[in-house]
Amino acid sequence: VKPCMLMEKIILRMKMLAFILKKQMKIIAFILGLILAQAIGRWGNFFNSEAHGLATSLEHLKNLHIPEFIINGMKINGVYYTPTFLYESVWCLLGFVVLFIVCQKFHKFDGQLILGYGIIYGLERTVVEGLRIDSLYIGDTNLRVSQLVSLALVIICTAITIYKFVKLNKDKKAQEVQENV
């Protein structure tokens, strides 16, 4: 093999690796940006006095130890409401932190952050949607569309994540067996 051809192959492989890493970084940035944007975007619900929870009391809101401006903002047409936007915002911020840590320290396979996002955001929507008063229901039932879709997302993402980790462990054990032979 000529040195020029060998150098060309090395450069080509380095370019391919750089392309793959660049693509993965874009996906990571997108997922982290998405959940962070959702945390910020929920404040729009607050400022528009929409997507809030059930009616509650002033005492209940004060017991949450939230800032006074939020308490005042949750008084809509003379009635205090549960600040579900705040629950969603905090949940998404915590989700951002969890995904960031996974990205930095516990990343094991491609797609792990997307699946983690599906689990975190799906759980959030499943829980918080149950507190909201403006939900879309399926027919005349008490089943909320958002909760069912979110729960399905959590189940699917969790199943895929478990499958990927099991497969990863099997592949690792198979490699260890081959190395010992």
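Student: Where do D171 and K167 lie, and how many residues apart are they?

Tutor: Both lie in helix α6 (residues 145-180), four residues apart, about one turn of the helix. Helices here are DSSP runs (H or I, at least four residues), numbered from the N terminus. The model is predicted, so local features need pLDDT of at least 70 and side-chain atom pairs count only at pLDDT 80 or more, while totals for chains, interfaces and linings use all residues. Residues are numbered from 1 along each chain as its sequence is written, and side-chain values use heavy atoms, leaving out hydrogens and water.

Student: What makes D171 and K167 a salt bridge?

Tutor: The rule asks for a side-chain nitrogen of Lys or Arg within 4 Å of a carboxyl oxygen of Asp or Glu. The closest N and O atoms of D171 and K167 are 3.3 Å apart, so the pair meets that rule.

Student: Why is D171 called partly exposed?

Tutor: Buried means under 20% relative accessible area, exposed over 50%, partly exposed in between (1.4 Å probe, protein chains only). D171 has 44%, so it is partly exposed.

Student: How do you know whether E88 is buried or exposed?

Tutor: Its relative accessibility is 0%, so E88 counts as buried. R42, at 16%, is buried too.

Student: Which parts does the salt bridge of R42 and E88 tie together?

Tutor: R42 forms a salt bridge with E88, with the closest N and O atoms 3.5 Å apart. R42 lies in helix α1 (residues 3-47) and E88 in helix α4 (residues 84-106), so the pair ties together parts that are 46 residues apart in sequence.

Definitions and conventions: Helices (H or I, at least four residues) and strands (E, at least two) are DSSP runs, numbered from the N terminus.
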